[in-house]
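Biologist: Could you walk me through this one? I have not looked at it before, so please take it slowly.

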Amino acid sequence: MTIQNKITIYNFATVIFAVLTVASLGSFGSVPVYTVFVNTMLFGLLTKNCYDKENHLRRKLKMRRHRKPQLSVYKQQPARRAA
């Protein structure tokens, strides 16, 4: 799986968890406060985790783009004469 695909998955997961966080906050009247608090914290932590992983992958991708090519030196073999 490429880094770009992972970034897309983390973007999608971040949006889903953020929407679920807002939905949890909206259920204050119908659900006990403890349940709302636990759901909000859970989805908030998952959102932060996905956001951090996405940023880590973006930095990794950026460093790959800016890496300078390295020269490799190979051991030369002596030239062979045709018989």
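Biologist: Where does Cys50 lie?

Modeller: Cys50 sits in helix 2, and please keep in mind throughout that this is a predicted model.

Biologist: And is Cys50 buried or exposed there?

Modeller: Its relative accessibility is 8%, and because buried means under 20%, Cys50 counts as buried.

Biologist: What is Cys50 in contact with, if we leave aside its neighbours within four places in sequence?

Modeller: With those neighbours set aside, Cys50 is in contact with Tyr10, Ala13, Thr14 and Phe17.

Biologist: Which helix does Thr14 lie in, then?

Modeller: Thr14 belongs to helix 1, and at 14% relative accessibility Thr14 counts as buried. When its neighbours within four places in sequence are left aside, Thr14 is in contact with Thr47, Cys50 and Tyr51.

Biologist: How do the axes of helix 1 and helix 2 cross?

Modeller: The two axes come within 8 Å, and they cross at roughly 160°. Angles over 145 degrees count as roughly antiparallel, and so helix 1 is roughly antiparallel to helix 2. The crossing in which helix 1 passes helix 2 is left-handed.

Biologist: Back to helix 2 for a moment: is Glu54 buried or exposed?

Modeller: Glu54, which is found in helix 2, counts as buried, with a relative accessibility of 8%. If residues up to four places away in sequence are not counted, Glu54 touches Ile7, Tyr10 and Asn11.

Biologist: Changing topic, how many aromatic pairs turn up in the whole structure?

Modeller: A search of the whole structure finds one aromatic pair. Its members are Phe17 and Phe43, whose ring centres are 6.4 Å apart and whose planes stand at 25°, so the pair is stacked. The pair links distant parts of the chain, with Phe17 in helix 1 (residues 3-26) and Phe43 in helix 2 (residues 33-66), 26 residues apart.

Biologist: Why does that pair count as stacked?

Modeller: Planes under 30 degrees apart count as stacked, and the planes of Phe17 and Phe43 are at 25°, which is why the pair gets that label. Phe17 and Phe43 are both buried as well.

Biologist: What about the protein chain as a whole, how many helices and strands does its secondary structure come to?

Modeller: The protein chain has two helices and zero strands. Among its contacts with a separation of 6 or more, 67% come from residues 24 or more positions apart.

Biologist: And how much of the protein chain counts as buried?

Modeller: Of its 83 residues, 19% count as buried. The accessible surface of the protein chain comes to about 7,500 Å², and carbon and sulfur atoms hold 63% of that surface.

Definitions and conventions
Residues are numbered from 1 along each chain as its sequence is written. This is a predicted model: local features need pLDDT of at least 70, side-chain atom pairs count only at pLDDT 80 or more; totals for chains, interfaces and linings use all residues. Side-chain values use heavy atoms; hydrogens and water are left out. Helices (H or I, at least four residues) and strands (E, at least two) are DSSP runs, numbered from the N terminus. Buried means under 20% relative accessible area, exposed over 50%, partly exposed in between (1.4 Å probe, protein chains only). Contact means heavy atoms within 4.5 Å. Accessible areas come from the Shrake-Rupley method with a 1.4 Å probe; for residues, only the protein chains shown count as cover. Rings of Phe, Tyr and Trp (its six-membered ring) pair if their centres lie within 6.5 Å; planes under 30 degrees apart count as stacked, over 60 as edge-to-face and the rest as tilted. Axes are lines fitted to C-alpha atoms, for helices over the stretch in contact, and angles run from 0 to 180 degrees between N-to-C directions. Angles under 35 degrees count as roughly parallel, over 145 as roughly antiparallel, 65 to 115 as roughly perpendicular and the rest as oblique. A crossing is left-handed if the near helix is turned anticlockwise from the far one by less than a right angle, and right-handed if clockwise.
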